[in-house]
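Student: I am new to this structure and would like to go through it step by step. Could we begin as soon as it is in view?

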Amino acid sequence: FSEVHYITIEKLGNVPVTKGDFQSLPSHVQTWLAQMIQLCTPHAVHICDGSVEEAEMVTKMLVEGGQLAPLPKYENCYICRTDPRDVARVESKTFLITKDKHESVPHSRDGASCVLGLWKSSDEIKKDIDDRFPGCMRGRTLYVIPYSMGPIGSSLSKIGVEITDSAYVVLSMRVMTRVSSDIWKHLRNGEEFVRCLHSLGVPLPAAQPIVNNWPCNPEKTIIVHFPDSRKVMSFGSGYGGNSLLGKKCFALRIAGRIAYDEGWLAEHMLIMSVTNPQGEEKFIAAAFPSACGKTNLAMLTPTIPGYTVRCVGDDIAWMRFDKETGELRAINPEAGFFGVAPGTNMKTNPNAILTCLQNSIFTNVGETADGGFYWEGLEEETPAGTEITGWTGEKYKLGDKTKKSSHPNARFCCPARQCPIIHDKWENPAGVPISAIIFGGRRPEGVPLVVEAFNWAHGVFLAAQLKSESTAAAEHTAKQIMHDPFAMRPFVGYNFGKYIQHWLNFEKNPNNKLPKIFHVNWFRVDENNKFLWPGYGDNIRVLDWIIRRVNNEDIAEPSAVGLLPKKGSLNLQGLNINWDKLMALPKDYWIGDVDETLQWLDGQLGDDLPQAIREEIQKQKERLSKL
Ligand code: GDP
Ligand code: PGA
Ligand code: MN
Ligand code: MN
């Protein structure tokens, strides 16, 4: 019997600490924790140490409580089904709080409701918080998760502490970030950390029935950011992007604001390397909106011989120009992949499948009768007639086309170190040097396979005009083409006009080695709605062209919208491609597009839209008029 320690909290008296030593924590952490315990009134406190034993204990508890079930086909893998009302990020309930509204959101023109971040005043949010957090952990254990985004101790890394009443969050944070009691040592000298508070919003006894053993409070869900004081408060949702606060909340929204203050970039980007047949390696960062192909590109299996791809990260990049060398150096602040499951298979992304066969958590996928995972896209790898239990609990035989096994935003959560092609420098504290930056989205119409920016400012414009078809990663249901500048619409932590200007400013320092910027589109369709480009492993052909352009090969020619591959310069060997359709620039489409883009950017950003972007739009218009 180990002795139970208590924390004495004003008004609450003695709260038992079932794990860890509160007294040994840095004093500024103790002060904050005591306040949060007083606010949330949990029945016990567990200070996480990140150990395997801890994970086993928490897993066992979740399995006994019916929230997780083992997938016996693999080693240490678990399946989890959420309440069907809690399956994706909720942009409409995600807020930025600053004293001045326009630190958070741009001066949108009258009538244009801003979609580049939602601001609330401190007074308004105080009401929302007071209505939710007091007593929100009654009857539950409060977990304290110390974690690092980026390798522990690297000068590019940042520390966070998440308080949560969700054991699923504890397990997922262990995979997605570096959880360790070593963090306390780094905080002991008073170093600051991002304060993250998360509650499922279901104190016990629960006021409403709990669905699928997945407590959540969809009516009251809010995700609140305080960029000035580096704080996050999330209530009511257990879903990844809303509850694993190291990811979108910290590594993009809060870090984005820190990056603005400090002169670097926190971006929604994968990081990968491509080595060509000559043995020359280049690192690439690429931004696509959620569920538009980052994880797949980051670990692609090349279909043309002689190329090697290695993965550094699949969702978030922190990047800064090195003061001495001028290189843009990037780290992946995460430690795991939280990937879209449907569509992932041994043909499209074998590396992802191989990464998640141990130590992984699957959320809202189906299960085969022999204890394996199943989702749409695994048809050919699963024997016909296999009995599937779908994410809604319904059983059916594989082949029944009326049934769906998985939610379209079902996810696997697996440690990056297990990826067969993880780069040996993926945890390099100094990061990797980026030679090219790619932007892209789902554009069924009008947009060619690949475009290279004329220069940095034009590249920033290509990023600012990014649009994509909506996906299941957030709450937008209808399939519609939405603006998603820089693939950051849901993740920006401060005034988007300032964000664009921040990007433009990197050109002002002549020491900066600016990467070339590209725009790609794997998703153009023909008149029968069939993809014109095979995608996946064949995307190496586009990466090959991009790398040759980084080496200034004479294989590009100007068009109205940027530099396009000269005919025959992209390796299409073995493919049956309608190149002209894939690359066409329909004049009417583009004229409509540039007008709409100006109207949208001007409406959203008003006078915060940088002049350089207005000039790029004007130049594009002039080029188009000559088509
Ligand atoms: P992420 O959320 O940006 O990381 O996107 P993923 O890589 O997880 O991909 C999201 C969805 O797009 C999955 O269903 C993929 O199968 C699909 N996808 C990814 N890359 C391609 C591609 O090159 N072509 C096509 N047609 N689909 C793709
Ligand atoms: P994704 O990550 O970009 O891989 O979809 C999760 C998200 O953005 O919600
Ligand atoms: Mn993402
Ligand atoms: Mn992904």
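Tutor: In this predicted model, an oxygen atom of ligand 2 lies 3.2 Å from a polar backbone atom of Ala 291. Taken alone, ligand 2 exposes 270 Å², and we can go on from there.

Student: What share of the exposed area of ligand 2 does the protein bury?

Tutor: The area to start from is the 270 Å² that ligand 2 exposes when it is taken alone. Of that area, the part buried by the protein is 98%.

Student: Which residue has a side-chain N or O atom 2.4 Å from an oxygen atom of ligand 2?

Tutor: The residues surrounding ligand 2 include Lys 248, Ser 290 and Ala 291. For the side chain of Lys 248, the distance from an N or O atom to an oxygen atom of ligand 2 is 2.9 Å. The distance of 2.4 Å belongs to the side chain of Ser 290.

Student: How many residues of the shell around ligand 2 are charged?

Tutor: Among the residues surrounding ligand 2 are Arg 89, Lys 294, Asp 315 and Arg 411. The shell divides into two nonpolar residues, two polar ones and, as the charged group, five.

Student: Is His 458 buried or exposed?

Tutor: His 458 belongs to helix H11, which covers residues 456-464. Leaving aside neighbours within four places in sequence, His 458 is in contact with residues including Val 561, Glu 616 and Arg 623. Because its relative accessibility is 0%, and the cut-off is under 20%, His 458 counts as buried.

Key: Residues numbered from 1 in each chain as written. Chains lettered and ligands numbered in written order. Predicted model: local features only at pLDDT ≥ 70, side-chain atom pairs only at ≥ 80, totals over all residues. Heavy atoms only, no water. Helix = DSSP H or I, 4+ residues; strand = E, 2+ residues; numbered from the N terminus. Buried < 20%, exposed > 50% of the residue type's maximum accessible area, 1.4 Å probe, protein only. Contact = heavy atoms within 4.5 Å. Near = heavy atom within 4 Å. Polar contact = N/O pair within 3.5 Å; in protein donor to acceptor, adjacent residues only side chain to side chain. Areas by Shrake-Rupley, 256 points an atom, 1.4 Å probe, with all protein chains shown as cover. Nonpolar A, V, L, I, M, F, W, Y, C, P; charged D, E, K, R; others polar.
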